[in-house]
Amino acid sequence: MSPQARRDDLIRAALDLFGSRAPELVTVDDIVARAEVSRPLFYRYFPSLRELQVQALRTVTDGLIDGLAGLAEGPPEARLRAAVRGLVDVAGHYRAGYIALLRSGSVIATSETDAAIDEVRNHAVALILDALGVTDPSPLLSLTLRCWTAVVEGALLSWLQERGIAREDLDGWLVDQLTAMLAATARHEPAGPVPAGS
């Protein structure tokens, strides 16, 4: 197995374990047992457990960005629904890792993971602007989209922890939230209406 393949295998083992417990509760012994390697081999690829945790969580954020890709073409609402569906799928697949990324006070949080989360948020805003055909958003529209990304994060956290609504209802509800927020913003825009995207 190549060095990169071995690193990827250890990251996959950690993410598998994150599916059943919080990342801060997963030990080196847990990971080497899941990957069927020795502790010395683990430390050959990662200088510390924290380094592996950060790399594993970076895999989650990379997955979120891939999930946001959604449909490259089609009407704005269909593109947004596909992108949100991709987010929900990735967050559900990496449930514990996603919760650790966004949970306030997580011991796994670092400046690097914070930057990775900001990258996901920026990507989400850029995707929505592209779907709406807006190249020069007003400050109020930018604020609206930032607020909506916070709604998505909070909703996904609650859904992952409580599963209070059906999976198939979540993405539609989140896109409807954005449509309502855009409509409210349009009423307050001095420069004119905001494209609603529907």
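A salt bridge is a side-chain nitrogen of Lys or Arg within 4 Å of a carboxyl oxygen of Asp or Glu. By that rule, this predicted model holds 12 salt bridges. Side chains of opposite charge can pair when their charged atoms come close.

- R58 and D62 pair through their side chains, with N and O 3.1 Å apart.
- Both residues belong to helix α4, which covers residues 49-68.
- They sit four residues apart, about one turn of the helix.
- R58 has 23% relative accessibility, so R58 counts as partly exposed.

**Salt bridges between helices**

- R79 bonds with D130 in a salt bridge, and their closest N and O atoms are 2.7 Å apart.
- R79 is in helix α5 (residues 76-93) and D130 is in helix α7 (residues 111-132), so this pair ties together parts 51 residues apart in sequence.
- R79 counts as buried because its relative accessibility is 13%, and buried means under 20%.
- R81 and D176 form another salt bridge, at 3.1 Å from N to O.
- This pair links distant parts of the chain: R81 lies in helix α5 and D176 in helix α9 (residues 167-188), 95 residues apart.
- D176 has 42% relative accessibility and counts as partly exposed.

**A salt-bridge network**

- Which residues are linked in a network of salt bridges?
- The network is made up of R85, D89, R167 and D171.

**Helix α1 against helix α4**

- Two packed helices are described by the angle between their axes and the distance between the axes.
- Helix α1 spans residues 3-18, and its axis comes within 9 Å of the axis of α4.
- The two axes cross at roughly 80°.
- Angles of 65 to 115 degrees count as roughly perpendicular, and α1 and α4 are therefore roughly perpendicular to each other.
- On the α1 side, the contact is made by R7, L10, I11, A14, L15 and F18.
- On the α4 side, L52, Q55, A56, L57, T59 and V60 make the contact.
- By class, the contact of α1 with α4 has nine nonpolar, two polar and one charged residues.

Definitions and conventions
Residues are numbered from 1 along each chain as its sequence is written. This is a predicted model: local features need pLDDT of at least 70, side-chain atom pairs count only at pLDDT 80 or more; totals for chains, interfaces and linings use all residues. Side-chain values use heavy atoms; hydrogens and water are left out. Helices (H or I, at least four residues) and strands (E, at least two) are DSSP runs, numbered from the N terminus. Buried means under 20% relative accessible area, exposed over 50%, partly exposed in between (1.4 Å probe, protein chains only). Axes are lines fitted to C-alpha atoms, for helices over the stretch in contact, and angles run from 0 to 180 degrees between N-to-C directions. Angles under 35 degrees count as roughly parallel, over 145 as roughly antiparallel, 65 to 115 as roughly perpendicular and the rest as oblique. Contact means heavy atoms within 4.5 Å. Ala, Val, Leu, Ile, Met, Phe, Trp, Tyr, Cys and Pro count as nonpolar, Asp, Glu, Lys and Arg as charged, and the others, Gly among them, as polar.
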